[in-house]
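Please keep the structure open as you read.

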Amino acid sequence: MNEGLLFSDDFNRANGNVANGWVMVSSTNPTIVSQQIGQNAANNSGDRWALWPVDCLSDDQFSQCTIRGAATTSFESTLLLTLGASSTRATHVSAGLAGGRAYVLRNTTAANDASSSYVALSTGINPVDGDIARFEKTGNLYTLKINGASVVTWTDTSSTATVGSSNRRVGWSTRCGGTRQSFALDDWSGGDL
């Protein structure tokens with residue numbers, strides 16, 4: 001598939017706040033550790049949302065990254081890739097990886113994910129260090145791929161997702177807390193399809 005407008009960040013800069021223009025949609029900012037987004041352990045809990053500061057040109061978008069790190073025996077690792085967002089989480093449609101699950105969730109509140117629900121779920125999905133996770137939207141079809149192979153899809157048949165020119169940001173989130181820690185991530189790219 002040919003991409004149109006393309007954004008990217010390899011995170012190859014000093015340890016600390018991700019900065020570089022990213023728009024934070026969380027109270028805790030993600031941080032760079034060793035030239036990638038660091039793996040946040042459960043004792044440093046919270047969601048760390050980041051959106052690219054420039055809007056896409058169309059409603060057909062993608063967001064992808066290289067997964068770094070892996071779950072330990074006592075934690076499951078998590079990652080979200082986000083499409084169709086404004087500055088509030090209520091506009092996000094996200095694809096996640098956590099504890100052997102791949103899922104699509106549709107946020108329903110601006111403040112957090114508490115009212116979000118899976119709209120699609122697959123099990124037995126266990127990405128490893130170096131895998132490429134890609135979430136894309138074409139029309140009303142949302143697809144999460146690992147290394148180019150589809151692992152979960154959702155068709156928004158009722159047009160519940162917010163689309164349009166003010167909801168065209170792409171990004172990612174690391175999530176941790178309880179028995180979860182985040183994957184580290186690297187080499188993010190996103191933009192129009």
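Which residues form a nonpolar patch on the surface? Leu 5, Val 54 and Leu 57 do, with about 260 Å² of accessible area together. Areas come from the Shrake-Rupley method with a 1.4 Å probe, and for residues only the protein chains shown count as cover.

A word on the source: this is a predicted model, in which local features need pLDDT of at least 70 and side-chain atom pairs count only at pLDDT 80 or more, while totals for chains, interfaces and linings use all residues. Residues are numbered from 1 along each chain as its sequence is written, and side-chain values use heavy atoms, leaving out hydrogens and water.

Leu 5 lies in the segment before strand S1 (6-9); strands are DSSP runs (E, at least two residues), numbered from the N terminus. S1 runs antiparallel to S16, joined by 4 bridges, with Ser 8 opposite Ser 189. Strands count as paired if DSSP finds at least two bridges between them. S16 also pairs with S6 (residues 61-68) in the antiparallel sense over 7 bridges, and there Phe 62 has Gly 191 as its bridge partner.

S16 (residues 184-192) is mostly covered, with 8 of its 9 residues buried, meaning under 20% relative accessible area.

Note on methods
Patches are made of residues with over 30% relative accessible area and no salt bridge: like charges are joined within 9 Å, nonpolar side chains (Val, Leu, Ile, Met, Phe, Trp, Tyr) within 5 Å. A salt bridge is a side-chain nitrogen of Lys or Arg within 4 Å of a carboxyl oxygen of Asp or Glu. Buried means under 20% relative accessible area, exposed over 50%, partly exposed in between (1.4 Å probe, protein chains only).
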